[in-house]
Amino acid sequence: MKYNFDTPINRRNTNSLKWDIAENELPMWVADMDFQTAPEITEAITKRAAHGVFGYTIVPDEWYEAYIGWWKNRHAFKIEKEWMMFCTGVVPAISSIVRKMTTVGENVLIQTPVYNIFFNSIVNNGRNVLQSPLKYDGTAYIIDFADLEEKLSNPQTTMMILCNPHNPVGKIWDRDTLEKIGELCWKHHVLVLSDEIHCDLTAPGSAYIPFASVSETCRKNSITCIAPTKAFNIAGLQTAAVVVPDETLRHKVNRGLNTDEVAEPNVFAVEAAVAAFTKGEPWLEQLRAYIYENRQCVKEFLEKELPEIKLVSENATYLLWLDCNGVSGCEDASELAEFVRKKTGLYLSAGGQYGKGGEMFLRMNIACPRESVKDGLERLKEGCRAYIQK
């Protein structure tokens with residue numbers, strides 16, 4: 001089947017967080033696709049809705065089997081059924097795990113620039129954010145291992161939240177890097193919480209490596225959060241899984257999820273996940289190719305029409321990380337983002353909200369029809385030209 005990603009879907013007046021904006025604005029900020037989900041998922045939800053009874057729901061064997069099969073076949077990682085727990089979302093899981101597995105006043109380490117909600121999950125629970133900024137050489141990102149180890153060695157640091165692949169810079173961490181992270185965290189008694197929600201949104205030919213699959217050390221000292229929600233655009237259905245191979249850690253996480261009441265599915269959560277992981281692969285493959293072409297479109301446009309802004313070239317997520325260091329007069333990209341939105345209606349995310357190292361960047365969501373991408377690029381060019389000349 002050939003899936004259509006070119007047809008625009010009108011999302012206004014649907015209580016959409018992304019599209020609750022002014023009429024002339026184009027939102028390319030929050031990580032939410034403007035594509036309809038795979039029709040196989042819609043069919044499964046429609047069939048369940050037609051039943052008409054929406055009572056309390058259990059997690060059946062099919063849910064476990066769907067995840068296990070997907071990770072074995074696509075990511076060469078065998079997950080055991082007993083390792084898995086349902087959760088209503090990756091963010092609720094992260095917040096619950098921070099509460100359960102750390103103590104008020106301890107440090108939770110993150111590698112900035114990184115997903116901004118990590119800050120909320122840490123600060124809102126009375127823990128301290130400890131930033132270990134990634135190194136940027138003007139082209140790509142690497143980990144500053146000297147800084148990382150120094151901060152992991154602090155006795156107050158008890159957890160590291162790993163973003164794998166890394167949002168917003170789009171980095172797929174290689175096996176050696178993940179293994180080194182695992183060894184350092186084990187050495188310094190720091191638990192790894194790995195957010196792998198973007199794992200299926202890699203460029204064609206590129207694959208991610210599950211942190212827990214790298215070594216025995218990584219396996220026994222990690223908690224992994226996974227979900228079909230980002231790859232299949234079903235975040236509003238609130239469905240995810242937490243994978244904990246170590247039995248002692250798993251018992252604690254399970255108690256935390258249940259105490260926080262985020263361990264029970266809504267009536268569509270199971271069906272959607274099962275359909276995604278058992279029937280959604282052809283749709284996902286075409287989606288990945290389409291997003292890659294959108295990325296190439298942006299790269300070529302910037303090089304030709306707006307060389308002041310440079311695309312950081314990585315291979316994961318549909319979120320582009322735009323380097324604005326070449327924009328004359330710009331000392332903080334948040335000011336540029338605000339100016340561009342006011343001038344043209346293009347709504348991008350300012351990089352500063354992702355922590356240290358993000359101040360001169362913008363994040364652009366290209367999970368939308370190509371004509372919308374082109375519209376966004378023209379608005380970005382218009383806004384930047386006006387900003388430079390002001």
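1. Contact here means heavy atoms within 4.5 Å. On that basis valine 274 touches Glu62, Trp63, Ala66 and Lys279, not counting residues up to four places away in sequence. Valine 274 is found in helix α9; helices (H or I, at least four residues) and strands (E, at least two) are DSSP runs, numbered from the N terminus. With a relative accessible area of 18%, valine 274 is buried, where buried means under 20% relative accessible area, exposed over 50% and partly exposed in between (1.4 Å probe, protein chains only). Valine 274 and leucine 287 are 13 residues apart in sequence and 19 Å apart in space, C-alpha to C-alpha.

2. The model is predicted: local features need pLDDT of at least 70, side-chain atom pairs count only at pLDDT 80 or more, and totals for chains, interfaces and linings use all residues. Residues are numbered from 1 along each chain as its sequence is written, and side-chain values use heavy atoms, with hydrogens and water left out.

3. An open sheet of 7 strands has the order β2-β10-β9-β8-β7-β3-β4, with mixed pairing; two strands pair if DSSP finds at least two bridges between them. At the edges are β2 (84-87) and β4 (128-131), each of which pairs on one side only. Neighbouring strands of this sheet are turned by 25 degrees against each other on average, direction ignored. Axes are lines fitted to C-alpha atoms, for helices over the stretch in contact, and angles run from 0 to 180 degrees between N-to-C directions.

4. Strand β10 (residues 240-243) pairs with β2 in the antiparallel sense over 4 bridges. Methionine 85 has valine 242 in β10 as its bridge partner. Helix α5 (residues 145-152) lies across β3 (107-110), β4 and β7 (157-163), and runs at about 140 degrees to β7.

5. Helix α2 (residues 61-75) has 15 residues, so at 1.5 Å a residue it should span 21 Å, in agreement with the 21 Å between its end C-alpha atoms; the expected span is 1.5 Å times one less than the number of residues. Buried residues of α2 include Trp63, Tyr64, Trp70 and Trp71. The buried residues of this helix pack against β2, β9 (222-226), β10, α9 (269-279) and α10 (281-305). Alanine 76 follows α2 and has a positive phi, near 55 degrees.

6. Which residues have the most contacts inside the largest nonpolar core? They are Trp63, Trp71 and Phe232, in a core of 112 residues. The largest share of this core, 9 residues, comes from α10. A second, separate core of 32 residues includes Met101, Ile161, Cys225 and Val244. A nonpolar core is a set of buried Ala, Val, Leu, Ile, Met, Phe, Trp, Tyr and Cys residues joined through side-chain atoms within 4.5 Å.

7. The count comes to 23 salt bridges, each being a side-chain nitrogen of Lys or Arg within 4 Å of a carboxyl oxygen of Asp or Glu. Arginine 74 and glutamate 281 form one of them (2.7 Å, N to O). This pair links distant parts of the chain, with arginine 74 in helix α2 and glutamate 281 in helix α10, 207 residues apart. Glutamate 281 counts as partly exposed, at 37% relative accessibility.

8. Glutamate 303 and lysine 299 also meet in a salt bridge (2.9 Å, N to O). Both lie in helix α10, 4 residues apart, about one turn of the helix. Glutamate 303 is exposed, with a relative accessible area of 54%, whereas lysine 299 is partly exposed at 31%.
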